[in-house]
Amino acid sequence: MRRSVLMAVTITSFMTPFTLSSVNVALPLIAFELKASTTEMNWIATSFLISSAIFLIPFGRLADIRGRKSLFITGTAVFSLASLLAAFSSTPGMLIAFRFLQGIGGAMIFSTGIAMLTSAFPQEERGKVLGINTAAVYTGLSAGPFVGGMLTSSFGWKSVFLVTFIAGVFALAVSVRKIKTEWAEAEGEGFDYGGSLLYGMTILFFTLGASERHGQYMLLLSLLSFLAFFVWERRQVYPVVDLKLFTSNLPFALSNLSALLNYSATFALTYLLSVYLQLVRNLDPGRTGAILVAQPIVMALLSPLAGWLSDRIEPRYVASLGMLLNALGLFMFSGITANTAVTTLVLYLAIMGTGFALFSSPNTNAVMSSVERRFYGVASATLSTMRVVGQTMSMVIVMLVFSSTIGTAMVSSIDPLDLVRAMGTAFTIFAGLCTLGIFTSLFRGNIRQ
């Protein structure tokens, strides 16, 4: 039974990052064909992340109550349908809307997959299994730039979404057939609808406010929503988020904060380099994908080893080393120019790949090993939320940097030198975030006594 769970979750763990990375490579062509502005191009990438962030924790709690398997299967179906609809988009607005729907399906998948693995496997095997799952994620990231680039060059950008739809249908069939056990350790407890609404409002207002140069009113609404959420949750018998997980569990809190900082600092790398290679270096999507594949290949190769190490060494030491390598790689990227050698870019990507592999699966092991079984769904969803919110913030930082240096010009009229300068600024900010993450990762404490 355990192998069946691992197989089903691994397929979906491959599918969702494949979509993210392949769409990033296709974005410049999408922007040209749909006549999108730089702002709209950024929103095509970001809308998926925003909806995922809004729904992850509520779905994680719902999965603990109603069953993780059923929500996992529903999410796979929604994700597949949204991919098909996205392939037939004719305007930037339509594509943004269907990407938002994709994110809802992705939230159901993200909030249940790791929880099911943690439920099915004993603690002594957890690091290894999570390492395999992380390798599947990075294999998806690896295949995305290369396969997405080749598909875009040969068949157009719509083919990326059609391939994702086919993969989603296959994943759905395998999930229904292979997963026979249901997990619902919190069955019978109430679902916190009010807290879920306030949480979603906090995420939505924050993202909208942070992505605008003058979004102070949205940020104020986000703060008010968060305060209301905090007060509401303290009064609930069955809150959507048990705040004690953060206030009384230092390894859980700092591991999640480390994940937030790491993804905030690293996610936009593929997006920025895709735009750089195609708009500054004039490479086609196929060659761009072949270059970008260096980072996730290294991730996929090293993640099982990193997971194995975290079963034997305190995860915080392995993860902190990974964060250090990421900070180093981002500082290197901040100095690239319009003429930086491709081999240099590949070397930097390999450093980032090593760092991310050493960080991700040990950090996941630390989060899931720090909570009781009845909180596995919420813990998995919280960690996924940190990832998605971090990815969203990474894109928000890029949007702010671009809007302040490039403006809202059409993609076809961007000055390459302005783009390179904007990238340097973004990478410098990202390197600073990763440097802060070294300390939050290191000082989280031990999960083994």
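## Reading Thr19 and its surroundings

Modeller: Let's start with Thr19: leaving out residues up to four places away in sequence, this residue touches Phe79, Arg99, Gln102 and Thr164. Contact here means heavy atoms within 4.5 Å. This is a predicted model, where local features need pLDDT of at least 70, side-chain atom pairs count only at pLDDT 80 or more, and totals for chains, interfaces and linings use all residues. Residues are numbered from 1 along each chain as its sequence is written, and side-chain values use heavy atoms, with hydrogens and water left out.

Colleague: Fine. Is Thr19 buried or exposed?

Modeller: The general idea is a cut-off on relative accessible area: buried is under 20%, exposed is over 50%, and partly exposed is in between, with a 1.4 Å probe and protein chains only. Thr19 has a relative accessible area of 1%, so it counts as buried.

Colleague: Which helix holds Thr19?

Modeller: Helices are DSSP runs of H or I with at least four residues, strands are E runs of at least two, and both are numbered from the N terminus. Thr19 sits in helix α1, residues 2-33.

Colleague: And how do I read its polar contacts?

Modeller: Look for a pair of N or O atoms within 3.5 Å; within protein, one must be able to donate a hydrogen and the other to accept it, and residues adjacent in sequence count only if both atoms are side-chain atoms. A polar atom of the Thr19 side chain lies 3.1 Å from the backbone oxygen of Met15. The side chains of Thr19 and Thr164 are joined by a polar contact of 3.5 Å.

Colleague: What caps the N-terminal end of α12?

Modeller: Asp284 does, with a side-chain oxygen 2.7 Å from the backbone nitrogen of Arg287. Helix α12 spans residues 285-292 and is mostly covered, with six of its eight residues buried. Among them are Pro285, Gly286 and Leu292.

Colleague: How far apart are Met393 and Thr207 in sequence and in space?

Modeller: They are 186 residues apart in sequence, yet 7.6 Å apart C-alpha to C-alpha. Met393 belongs to helix α16, residues 376-405, and is buried at 18% relative accessible area.

Colleague: Now zoom out: how many helices and strands does the protein chain have?

Modeller: There are 17 helices and zero strands. The radius of gyration is 20 Å, close to the 22 Å from the globule rule for 449 residues, so the chain is as compact as a globular protein of that length. That radius is taken over C-alpha atoms, and the rule is 2.2 Å times the number of residues to the power 0.38. Of the 449 residues, 62% count as buried.
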